[in-house]
Amino acid sequence: MRSETAPQLGGLERFASAGKGRGLRARRRFAVGELLLSCPAYVAVLTVSERGSHCDGCFARKEGLSKCGRCKQAFYCNVECQKEDWPMHKLECASMCTFGQNWQPSETVRLTARILAKQKTHPERTQSEKLLAVKEFESHLDKLDNEKRELIQNDIAALHHFYSKHLDYPDNAALVVLFAQVNCNGFTIEDEELSHLGSAIFPDVALMNHSCCPNVIVTYKGTLAEVRAVREIEPGEEIFSSYIDLLYPTEDRNDRLRDSYFFSCDCRECTTKEKDKEKLEICKLNDPPSAETVKDMIKYARNVIEEFRRAKHYKYILCLTLTPLVELLEICELSLDKMGAVFEESNVYMLHMMYQAMGVCLYVQDWEGALCYGQKIIRPYSKHYPSYSLNVASMWLKLGRLYMALKNRTAGVKALKRAIAIMEVAHGKDHPYISEIKKELEDH
């Protein structure tokens, strides 16, 4: 039975979820595509590579942004956006002037600095904390291994190095807790093609627990997080989002959950493992590979994927010359050749490498090469991912734009309309991204 003191918001309430700690559940029915929750960012930081194309304050994408007159590195829509962002930007402005090109704190450090500043200027509960306060975030401090603790100490050192004038620091122990909280509860803001735009804290959204069979999806409108139903939700039902990429098989997903969030998932998908066989599809040969060969190839594939993940490939790719990019594409192709002797093209490890290769092709503007990979990816994506997946929508969108660039309007229109159909549920029909895509259709 619901406690009378349980925090509520519209048709939602915070509650104690059996075996999961705090959670969020529905107090009424929600239809597919219906908005459950909107949450403004408690704090947000635009990624450095997007400065000049997006507003540092509201994250709007537009041309003709105005520079900050002091550091000349932050850009804004107008004076209003600049004034609103100044309490946060002033943490970095003087420091950026001082350090110049050597100013390079991580987004986690930048986000944590803003939390410290916000907690000082707004000690009361904010509009982003109607259901859950930042100070209530789980840190999982007791579960951090030595490597994670060392990384946090490196972040603390960077915080002290790059921020001093406008920050009052708590002691080291309190900073360790705060960084651990940010690592477990931070959100990555992405655009319609799932390109990284920045990082943010959305306390009320962080209240949701994880499931590999989510009933909601989180999308972003600037620095506002929106949560919409991707299937019908009944009163009393817990609200679940996904914390991770759902492409991969059960063991991989739970490895990621344990490493980043310190738990294993017990949803229907993880219990039955019913999609794992399709996700790990093996070549149909007269002489099929042995179980040991398959096991070894899975191990090889996981190692390759982990190398890409640890390198944060797309974060440093922008600094690479064409030669390393070509070499990177060759690595993808060699991995695909090796795995292709055992795996079908619809195998998720093959899809992962194709996606990496497609990204390189897009960066070097090899539209035909990118299209070739995208065409191989889209059907298996549609099968492996849940309904209304942002990964599927972004792939249809990329394909549509590639077709249009290569003057295949018929295929382009079809692909873009498929993207819109998913996005109208996930993002809402009035989202600016959808308006932009519809304008692309009109212009072609």
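Predicted model: local features only at pLDDT ≥ 70, side-chain atom pairs only at ≥ 80, totals over all residues.
The domain assignment gives four domains: domain 1 covers residues 8–45 together with 100–241, domain 2 covers 244–274, domain 3 covers 281–376, and domain 4 covers 385–443. The C-alpha centres of domain 1 and domain 2 lie 20 Å apart, and where these two domains meet, 11 residues of domain 1 are in contact with 15 residues of domain 2. Together the two domains bury about 1000 Å² between them, and 69% of that area is on carbon and sulfur atoms. On the side of domain 1, His 210, Cys 212 and Cys 213 supply 49% of the area buried against domain 2, which is more than any other three residues supply.

Side chains of opposite charge can pair when their charged atoms come close. Counted over the model, there are 29 salt bridges. One of them joins Asp 266 and Lys 20, with 3.1 Å from N to O.

Another salt bridge is formed by Glu 13 and Arg 25, whose closest N and O atoms are 2.7 Å apart. Glu 13 sits in strand β2, which runs over residues 12–17, while Arg 25 sits in strand β3, residues 21–26, so that the pair links parts of the chain that are 12 residues apart. How accessible are these two partners, buried or exposed? Glu 13 has a relative accessible area of 4% and is therefore buried, and Arg 25, with a relative accessible area of 19%, is also buried because the cut-off for that word is under 20%.

A salt bridge between Lys 221 and Asp 430, with 3.7 Å from N to O, gives another example. Lys 221 belongs to strand β11 (residues 216–221), whereas Asp 430 lies in the loop between helices α15 (409–426) and α16 (432–443), and the two residues are 209 residues apart in the chain.

Glu 251 and Arg 302 meet in a salt bridge with 3.5 Å from N to O. Because Glu 251 lies in helix α6 (residues 250–261) and Arg 302 in helix α9 (residues 291–311), the pair ties together parts that are 51 residues apart in sequence. Glu 251 is partly exposed, with a relative accessible area of 47%, and Arg 302 is partly exposed at 25%.

Some salt bridges share partners, and in this way Arg 51, Asp 56, Asp 85, Glu 92, Arg 110 and Arg 114 are joined into one network. Where in the chain does Glu 92 lie? Glu 92 is part of helix α1, residues 79–99, and at 1% relative accessibility this residue counts as buried. A polar contact of 3.5 Å joins the side chains of Glu 92 and Arg 51. Leaving aside neighbours within four places in sequence, Glu 92 is in contact with Arg 51, Trp 103, Arg 110, Arg 114 and Tyr 163.

Two further residues complete the tour. His 140 lies in the loop between α2 (107–121) and α3 (146–162), and at 19% relative accessibility His 140 counts as buried. Apart from neighbours within four places in sequence, His 140 is in contact with Cys 184, Tyr 261 and Phe 262. Lys 338, by comparison, lies in helix α11, residues 322–340, and is partly exposed, with a relative accessible area of 44%. Not counting residues up to four places away in sequence, Lys 338 touches Met 297 and Tyr 300. The C-alpha atoms of Lys 338 and Leu 141 are separated by 41 Å, and these residues are 197 residues apart along the chain.

Terms used. Residues numbered from 1 in each chain as written. Heavy atoms only, no water. Salt bridge = Lys/Arg side-chain N within 4 Å of Asp/Glu carboxyl O. Helix = DSSP H or I, 4+ residues; strand = E, 2+ residues; numbered from the N terminus. Buried < 20%, exposed > 50% of the residue type's maximum accessible area, 1.4 Å probe, protein only. Contact = heavy atoms within 4.5 Å. Domains from an automatic or database assignment. Buried area = accessible area lost by both parts, 1.4 Å probe. Polar contact = N/O pair within 3.5 Å; in protein donor to acceptor, adjacent residues only side chain to side chain.
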